[in-house]
Amino acid sequence: MSAGAAAAPGLPIIRSFWIQPTGPALKFLIENWYLVLAALTSGGLLLWPSLRGKAGGVATAEAVRLVNREKGVLIDVSEPAEYAAGHANGARNVPLSTLTGTELPAKQLPSNKALPVVLMCKTGARAQRAAGILQKQGYANAVAVQGGLAAWREASLPVEKSAA
């Protein structure tokens, strides 16, 4: 009779299905299961924003819908020189540097924090950061435009220039 098997008269043989570590990698995983668990948890937390779907912001069509139908406020977080070179029609200029301070510029931001705040910049990266800042300040509907002004232009949406 082999090890791990039990036999009794009239009963079937029961075998143990416990996997014995045979290689060094499997032995390491079994002995350090808590490290594997920590690595998987860390990876899951890093992927969570992209799995939620809000990581990249909203498409230009959705941004237009938010502004036109839900009375959203379009804000360009580019620096004043970039804003003057070209911005979405009707966008307010609130540079990202003014949002990172202790007080938000109250005159340029809507007083009703429930309104959608659609943020954009040249590429969308600064707008993503600004959306995170505004969400922490209570603007739950702050979203960035995917691709920024470049995507706005690609969608043939109106762009205007202003005097510097």
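**View 1. The largest nonpolar core holds 17 residues.** In this predicted model, local features need pLDDT of at least 70, side-chain atom pairs count only at pLDDT 80 or more, and totals for chains, interfaces and linings use all residues. A nonpolar core joins buried Ala, Val, Leu, Ile, Met, Phe, Trp, Tyr and Cys residues through side-chain atoms within 4.5 Å, where buried means under 20% relative accessible area, exposed over 50% and partly exposed in between (1.4 Å probe, protein chains only). I75, V77, L99, V117, L119 and L134 have the most contacts inside this core. At least two residues each come from β1, α5 (96-99), β4 (117-120), α6 (125-136) and β5 (142-144), and α6 gives the most, with 4 residues. Residues are numbered from 1 along each chain as its sequence is written, and side-chain values use heavy atoms, leaving out hydrogens and water. Helices (H or I, at least four residues) and strands (E, at least two) are DSSP runs, numbered from the N terminus.

**View 2. D76 sits in strand β1 (residues 73-76).** Look here for a buried residue: D76 has 1% relative accessibility. Its side chain makes a polar contact with the side chain of S78 at 2.6 Å (N or O atoms within 3.5 Å, one able to donate a hydrogen and the other to accept it; residues adjacent in sequence count only if both atoms are side-chain atoms). Beyond four places in sequence, D76 touches residues including Y83, H87, M120 and C121 (contact: heavy atoms within 4.5 Å).

**View 3. W33 and Y34 form an edge-to-face pair.** This is the structure's 1 aromatic pair. The ring centres of W33 and Y34 are 6.0 Å apart, with planes at 85° (rings of Phe, Tyr and Trp, its six-membered ring, pair if centres lie within 6.5 Å; planes under 30 degrees apart are stacked, over 60 edge-to-face, the rest tilted). W33 is exposed at 55%, while Y34 is partly exposed at 45%.
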